[in-house]
Amino acid sequence: MNENRNKSGKRYHDKAAQDIRDIRYAVGLMSGTSVDGIDAAVIEIREGEEGGQPRIRQLAFENTPYPADVREEIFALFDPAIATVDRVGRLNVLLGELYAEAALSAILQSGLKPEEVAVIGSHGQTIYHAPDPYLSKGYDLRYTVQIGEGAVIAARTGIPCVSDFRVADMAWGGQGAPLVPFTEYLLYKESDRTLLLQNIGGIGNVTVLPAASAPEEVYAFDTGPGNMLIDGVVSRLFPGLSMDIGGKIASEGRVDPELLSLLSGESYYTQPLPKSTGRELFGAAYVDRLLAYREEHGLSERDLVATVTRLTAWSIGEGYRRFIMPKHTANAMIVGGGGSYNPTLIGMLKDELEPLGVQVLTHEDIGLSSDAKEAVAIALLADYAIAGKPNSLPGVTGARQAAVLGKISY
């Protein structure tokens, strides 16, 4: 296996020294803040003409749910008081093993052999993200922790692995997030329409692609909670469920205007750009407060689910009204991520945006896969990283300069 790995890495760099191959294959692995499991996508990459947009073809996609005990351990380690060095280190290696298996399974589904794949990109599982500066001894410290050891993935597959993408951006003063806008600019930009690309995973994030924009004109930010509060409330109030499947529970409830008004006063929504957020703000402690409010005010379970679903839609609409609309009038929003499969949430989002002239579509509406989008993006980021090409947008993250994101394991 080591011999294959070394040959694979040497072959790739020999080609890169001459020029990147016109056609190559990459795998992207993604596990988001919802902790649903491992998304694995295999893509074919063809170079665009004269340095134009690369052409991507998805060859395979699989989602592998985490084993229940592994998912439980990940959630436990979201608490820094519990995330001891031994537990983090052990889970880091275990996830590397699981990611390697997911990559090999997706490669098999694609019809390729591992030795035909140039690179694997693995986002890893975020367990802590602290993008705001922490001043210590005169240093501006920003830090983030994604686990799922890239060296293990490379060793088990025989394919070079790029992992830990966020830290290079943070070293240059950036938020380390969002990562996907770089690839969205490459793949989705249009000359005559301004597009919004909204991901609704655990956290919601939006990328703004102004019509005929240059890379430095693209901007993006986290809009607030995506599925995180919905999933958190449902899992606590409805035993045996971890999410509101198809938005059914929310559709049976009524939005509580007083609670929605209270929640919309969260200071994050008015915080200036660039900005990002995560479970540190909208995690278990936030859900505890929601449940306490429900008890105190006699809110039904379904009304609470409906209200936090509306909060997600409202926060996306507010992000558009506050930060985007004053600069650009968008033509359409394309929604991806798990939230795109919640018709109740999509209906609420249409209520927010379509009166403003923004058409709301899902990736499936335009013939793509919402599930695979982020894994495809990670594969493309890895392709750039292993070729030594910058793969970030400083205007999005707030970094002082573009960087080559990702650490490479052979």
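The model is predicted, so local features need pLDDT of at least 70 and side-chain atom pairs pLDDT 80 or more, while totals for chains, interfaces and linings use all residues. Residues are numbered from 1 along each chain as its sequence is written, and side-chain values use heavy atoms, without hydrogens and water.

Select Gly 32, Thr 33, Ser 34, Val 35, Asp 36, Gly 37, Ile 38 and Asp 39, where an unreviewed UniProt entry places the feature "binding site". From this set, Thr 33 and Ser 34 belong to the lining of the second largest pocket. Such annotations may be inferred rather than shown by experiment.

Next, pick Thr 33, in the loop between strand S1 (23-31) and strand S2 (37-46). Strands are DSSP runs of E, at least two residues, numbered from the N terminus. Thr 33 is partly exposed, at 24% relative accessibility; buried means under 20%, exposed over 50%, partly exposed in between, with a 1.4 Å probe and protein chains only. Beyond four places in sequence, Thr 33 touches Gly 201, Gly 202, Ile 203, Met 228 and Arg 279, contact meaning heavy atoms within 4.5 Å.

Move to Val 35, in the loop between S1 and S2. Val 35 is buried, at 0% relative accessible area. Its contacts beyond four places in sequence include Tyr 66, Arg 71, Phe 75 and Arg 279.

Finally, go to Tyr 139 in strand S5. Tyr 139 is exposed, at 57% relative accessibility.

Definitions and conventions
On a 1 Å grid over the protein atoms alone, a cavity is a set of points where a 1.4 Å probe fits but cannot get out, and a pocket is an open set with protein on both sides within 12 Å along at least five of seven lines; lining residues have an atom within 4 Å of a point. Helices (H or I, at least four residues) and strands (E, at least two) are DSSP runs, numbered from the N terminus.
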